[in-house]
Amino acid sequence: MVLNKIGHILKDYNDFAIVSHVSPDGDSIGSMLGLFNTLKDFGKSVDLFVDDILPEKYSFLTGFEHIKRYNTGSKYSCLIILDCGDVDRLGELKSLLNSSDIIINIDHHISNTLFGDINYVDSNASSVGEIIYQILKINGYNISKNTAMCLYTSILTDTGGFKYSNTTSMTFNIVADLINTGINFSDIYSKIYDSRTLSQTKLLGKVLSTLEIYYDNKVAVLTMPYKLLDECNAKEKDADEFINFARNIDTVEVGVFIKEVNDLKCRVSLRSKNYVDVSKIASYFSGGGHIRAAGCTIEGSISEVKNKILDAVKTVLEVKYNK
Ligand SMILES: [Mn+2]
């Protein structure tokens, strides 16, 4: 069985590199560090890589400070790739593929291209954290409190706080076991979800003040002129979650967030609640995504882009309005 095979490699090999995707999230960071902490307890040499800036809110996890962005040409006996559907998700760290004896690919994306020498892809797992838990359990590893914090973070974030449909009874069984190690799960929750930097909070205030409502209160639009980022000393990433404030308005079906990239184009995020397929709207503008969450880039000033996207949303809403 693949999980045992992976277990043997974890025991037999001595030097590892663990790498995950660009735009790191709670699952990629949590699963990397969960595995890292366990291997370190067994005296293994483990290097960690992510080709991106890391979200600070995960810095409370043990080992976070060891995650490096660049590989300076080291060789590894075993390269473990987590939460990546394909090798392009590694960014520049794709170079690591040629610097190890064996590649283990562990993932939960159904689209995984099985690029490893050993592949374990479980699309029923809520998160890679859940898979790492199973690998450790099946192979007789004791799960320490540090590892449990990391795996809990993985599962918590990839299930959206246990609210997405990928949450199963297995998820809760695993979480129960992790909680039994004595982790402070409410503290982890508030570190991840109840924490915002001052710059982010200032930016949120300015973005919320741009709120506009259309089509019988079914569509909410937020905009972010790029000058706001300088004014608030914030980065575009700081605004990632702001679209939820548009979508979460009780009467709203479609939330739109228009981020000005420069004078010539804007990035648009779309979220829907119950019945609108926003991926259709995004693909009309050569973007993509899922039914309830999608995005695209549209040429034009904020007001031009707003008009274009509102026209498209109107068509999909299939209701007659006189502007
Ligand atoms: Mn994941």
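Domain bounds here come from an automatic or database domain assignment. The model is predicted. The chain is assigned domain 1 (2-193) and domain 2 (198-317). The C-alpha centres of domain 1 and domain 2 lie 32 Å apart.

The account starts with residues 2-193, assigned to domain 1. An open sheet of six strands is found with the order E3-E2-E1-E4-E5-E6. Its pairing is parallel. Strands E3 and E6 (118-121) stand at the edges. Each has a single partner strand, so one side of each is left without a neighbour in the sheet.

Several pairings in this sheet can be followed strand by strand. Strand E1 (residues 15-20) pairs with strand E2 (residues 45-50) over six bridges, in the parallel sense. Phe 16 has Val 46 in E2 as its bridge partner. E2 also pairs with strand E3 (residues 67-68), again in the parallel sense, over two bridges. Here the bridge partner of Phe 49 is Lys 68 in E3. Strand E4 and strand E5 (residues 100-107) are joined by six bridges and are likewise parallel. Tyr 76 stands opposite Ser 100 in E5.

E1, helix H2 (residues 26-41) and E2 make a β-α-β unit, and the unit is right-handed. H2 lies across E1, E2 and E4. It runs at about 170° to E1. At 1.5 Å a residue, the 16 residues of H2 should span 22 Å; the end C-alpha atoms are 22 Å apart, which agrees. An α-helix has 3.6 residues a turn, so residues three or four places apart point the same way. Gly 43 follows H2 and has a positive phi, near 75°.

Two lysines are described next, each in a loop. Lys 75 is placed in the loop between E3 and strand E4 (76-82). Lys 75 has 13 other C-beta atoms within 10 Å. A residue is exposed at 12 or fewer such neighbours and buried at 20 or more, so Lys 75 counts as partly exposed. The C-alpha atoms of Lys 75 and Ser 99 are separated by 4.9 Å, although these residues are 24 residues apart along the chain. Neighbours within four places in sequence aside, Lys 75 is in contact with Ser 99 and Ser 100. Ser 100 is also the residue in E5 that Tyr 76 stands opposite.

Lys 163 sits in another loop, between helix H4 (145-158) and helix H5 (169-179). Lys 163 has 8 C-beta neighbours inside 10 Å and therefore counts as exposed. The C-alpha atoms of Lys 163 and His 290 are 17 Å apart in space. In sequence, Lys 163 and His 290 are 127 residues apart.

The account now turns to residues 198-317, assigned to domain 2. An open sheet of six strands has the order E7-E8-E9-E10-E12-E11. Its pairing is mixed. The edge strands are E7 (212-214) and E11 (288-289), and each pairs on one side only.

Strand E8 (residues 219-224) runs parallel to E9, and six bridges join them. Thr 223 stands opposite Ile 258 in E9. Strand E9 (residues 254-262) runs antiparallel to E10, with eight bridges between them. Val 256 stands opposite Leu 270 in E10. A hairpin of two residues joins E9 to E10. On its other pairing, E10 is joined to strand E12 (residues 293-299) by seven bridges, and these two strands also run antiparallel. There Cys 266 stands opposite Ile 298 in E12.

Strand E10 (residues 265-272) is mostly covered. Six of its eight residues are buried. Helix H11 (residues 302-317) lies across E7, E8, E9, E10 and E12. H11 runs at about 150° to E9.

Technical notes. Residues are numbered from 1 along each chain as its sequence is written. This is a predicted model: local features need pLDDT of at least 70, side-chain atom pairs count only at pLDDT 80 or more; totals for chains, interfaces and linings use all residues. Helices (H or I, at least four residues) and strands (E, at least two) are DSSP runs, numbered from the N terminus. Two strands pair if DSSP finds at least two bridges between them. A crossover is right-handed if, with the strands pointing away from the viewer, the path from the first strand over the helix to the second runs clockwise. Two residues are in contact if their C-beta atoms, placed from the backbone, lie within 7 Å. The expected span of a helix is 1.5 Å times one less than its number of residues. Axes are lines fitted to C-alpha atoms, for helices over the stretch in contact, and angles run from 0 to 180 degrees between N-to-C directions.
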